[in-house]
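Visitor: Hi! I'm new to this one, could you walk me through it?

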Amino acid sequence: MARSLLAGHRLQHELESAVDIVSRASRMAREIQKRYCDATQTVGDATTLAKADASPVTIADLAVQALILGELHMLFPEDRFVAEETSSSVQDERMEGAIRTWLTQYSTRGVDERVRDSIDLGSDAGGCRGRIWVLDPVDGTKGFLRNQQFCIALALLVDGLAELGVLGCPNLSAAQEAERIASGYTEGIEGEKCLTIVNGTDGCVFFAARGAGAYMQSLTDRREQALPQQIHVNANTDPSWAVMAESVESGHSSHSLTGKMIRILGIRQRLGVDSQCKYGLLSRGEACVFLRFPRPGYVENIWDHAAGTVVLTEAGGRVTDALGGELDFSHGRKLPNVRGIVATNGHMHPAVLAAVKHVLAEDVTSG
Ligand SMILES: Nc1ncnc2c1ncn2[C@@H]1O[C@H](COP(=O)(O)O)[C@@H](OP(=O)(O)O)[C@H]1O
Ligand SMILES: [Mg+2]
């Protein structure tokens, strides 16, 4: 696995451990999803509750956070953690018991007795000093509840710099071309295709270390199919071939703005995918552009981009804000002063930034 690929790398042990833990957490989350979620969005009562911001939080978020932070803390006791959930979302003893049952099956290091403590390890303020693991336990919670794509995203910051990134994508097949189908997630204009991805049977995990490349391996139990392979962005600059990935949820990213941007570029294929799976898709060459434009005033969380940024950058791509500035994960739990996320295969970055700038300027004038 990561062992042979990164032999001698100074963060080899960290990356190997992270890939192992995220892979187990991904299998666990997929099993929880299979059990509780269906395509009609009916979700078992015991698994869903509303946080103050009304986003759905499931047993999966909490169990994944407890598993990953609990195990990393045992391995690297001096390290700090920034993660999305807190133990205040563990409603009652029954829910805690359910989480513990899942951990007993998927943890190899016995974190099951300390569910709440493990979850609350993730409350660090972040910043520019020391080693900080950054976790989104279930990124794309809405996709999870629709029984579609979601992702377990883990990064390691060292003195504010994102050094490692791991993306566990339980429903994204490791096959180079994930099966796509037409989707009504957004309305395109005539001649535009709006697509989404069909759940695969194996799932995959992406991982990267700064300076050492990006890799992907299948989450299948079949060892011969689980060998890691190095991945690269595609070299495409032809818009007629290009695919733009974006959020399924228009509340997370304006489909109207991204539509205007791709029309300037001449891109005709839009791919709606939840979570940081989008960074993975660009990293293995299946999409050229990922655009994200939340409502003005929305401030991004570092756990929504840190892992994806390392993977895509190491695969040869670029990630910036709408003005072309690098994302800076050293300011705490948030990414302040970032308007829009622009990720590309690198080759298309200048053209995409120009189109983004044009549309945003028009938006301000008309707005
Ligand atoms: N109003 C909003 N605008 C932009 N992003 C939002 C949002 N509400 C939630 N999000 C973020 O968008 C992420 C999902 O992005 P995507 O649409 O690409 O799947 C969510 O991650 P979680 O699902 O981990 O909460 C959450 O952090
Ligand atoms: Mg998220």
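Visitor: Let's start with Asn-234. Leaving aside neighbours within four places in sequence, which residues is Asn-234 in contact with?
Guide: Leaving those neighbours aside, Asn-234 is in contact with Trp-241, Gly-285, Ala-287, Cys-288, Asn-345 and His-347. Do keep in mind that this is a predicted model.

Visitor: Where is the place of Asn-234?
Guide: Asn-234 sits in the loop between E11 and E12.

Visitor: Does Asn-234 count as buried or exposed, and why?
Guide: Buried: its relative accessibility is 11%, and the cut-off for buried is under 20%.

Visitor: OK, zooming out. What does the domain assignment give?
Guide: The assignment gives domain 1, made of 2-174 + 201-231, and domain 2, which covers 243-366.

Visitor: How many residues of each domain are in contact with the other?
Guide: On the domain 1 side there are 49 residues, in contact with 27 residues of domain 2. Taken over C-alpha atoms, the centres of the domains are separated by 23 Å.

Visitor: Now the sheet. In what order do the 7 strands come?
Guide: The order is E3-E4-E5-E6-E9-E10-E11, in an open sheet with mixed pairing. At the edges are strand E3 (80-83) and strand E11 (229-231), each of which pairs on one side only. From one strand to the next, the twist averages 20°.

Visitor: Do E3 and E4 pair in the parallel or antiparallel sense?
Guide: Parallel, over 4 bridges, with E4 spanning residues 131-139. Arg-80 has Ile-132 in E4 as its bridge partner.

Visitor: And on the E5 side of E4, is the pairing parallel or antiparallel?
Guide: E4 and E5 are antiparallel, with 7 bridges between them. Asp-136 stands opposite Ala-153 in E5.

Visitor: Why is E4 largely enclosed by the rest of the structure?
Guide: Because 8 of the 9 residues of E4 are buried.

Visitor: How many of the residues of E5 are buried?
Guide: For E5, 8 of its 8 residues are buried. In a regular strand, side chains alternate between the two faces of the sheet. On one side of E5 are Cys-151, Ala-153, Ala-155 and Leu-157, on the other Ile-152, Leu-154, Leu-156 and Val-158, and both faces are covered.

Visitor: What joins E5 to E6?
Guide: These two strands run antiparallel and are joined by 7 bridges; Ala-155, for instance, stands opposite Gly-165 in E6. Their hairpin has 2 residues between the strands, and Asp-159 there takes a positive phi near 50°.

Visitor: Which strands does helix H2 lie across?
Guide: Helix H2 (residues 12-36) lies across E4, E5, E6, E9 and E10, at about 30° to E6. Helix H9 (residues 306-314) lies across E5, E6, E9 and E10, and runs at about 95° to E6.

Visitor: Switching to the metal: what are the protein donors of the magnesium ion (ligand 2)?
Guide: They are Asp-136, Asp-139 and Asp-304, each giving an OD atom, at 1.9 to 2.2 Å from the ion. Asp-136 in strand E4 and Asp-304, in the loop between strand E15 (300-301) and H9, are 168 residues apart and link distant parts of the chain.

Visitor: Are Asp-136 and Asp-304 buried or exposed?
Guide: Both Asp-136 and Asp-304 are buried.

Visitor: Last stop, helix H7. Which of its residues are buried?
Guide: In H7 (residues 255-265), the buried ones are His-255, Leu-257, Thr-258, Gly-259, Met-261, Ile-262 and Leu-265. Their cover includes strands E12 (243-246), E13 (269-272) and E14 (289-292), along with helix H10 (349-366).

Visitor: What caps the N-terminal end of H7?
Guide: Ser-254 does, with a side-chain oxygen 3.3 Å from the backbone nitrogen of Ser-256. After H7 comes Gly-266, with a positive phi near 85°.

Technical notes: Residues numbered from 1 in each chain as written. Chains lettered and ligands numbered in written order. Predicted model: local features only at pLDDT ≥ 70, side-chain atom pairs only at ≥ 80, totals over all residues. Heavy atoms only, no water. Pairing = 2+ DSSP bridges. Axes fitted to C-alpha atoms, helices over the stretch in contact; angles between N-to-C directions. Contact = heavy atoms within 4.5 Å. Buried < 20%, exposed > 50% of the residue type's maximum accessible area, 1.4 Å probe, protein only. Polar contact = N/O pair within 3.5 Å; in protein donor to acceptor, adjacent residues only side chain to side chain. Donors = N, O, S within 2.8 Å, 3.2 Å for Na, K, Ca; no water. Domains from an automatic or database assignment.
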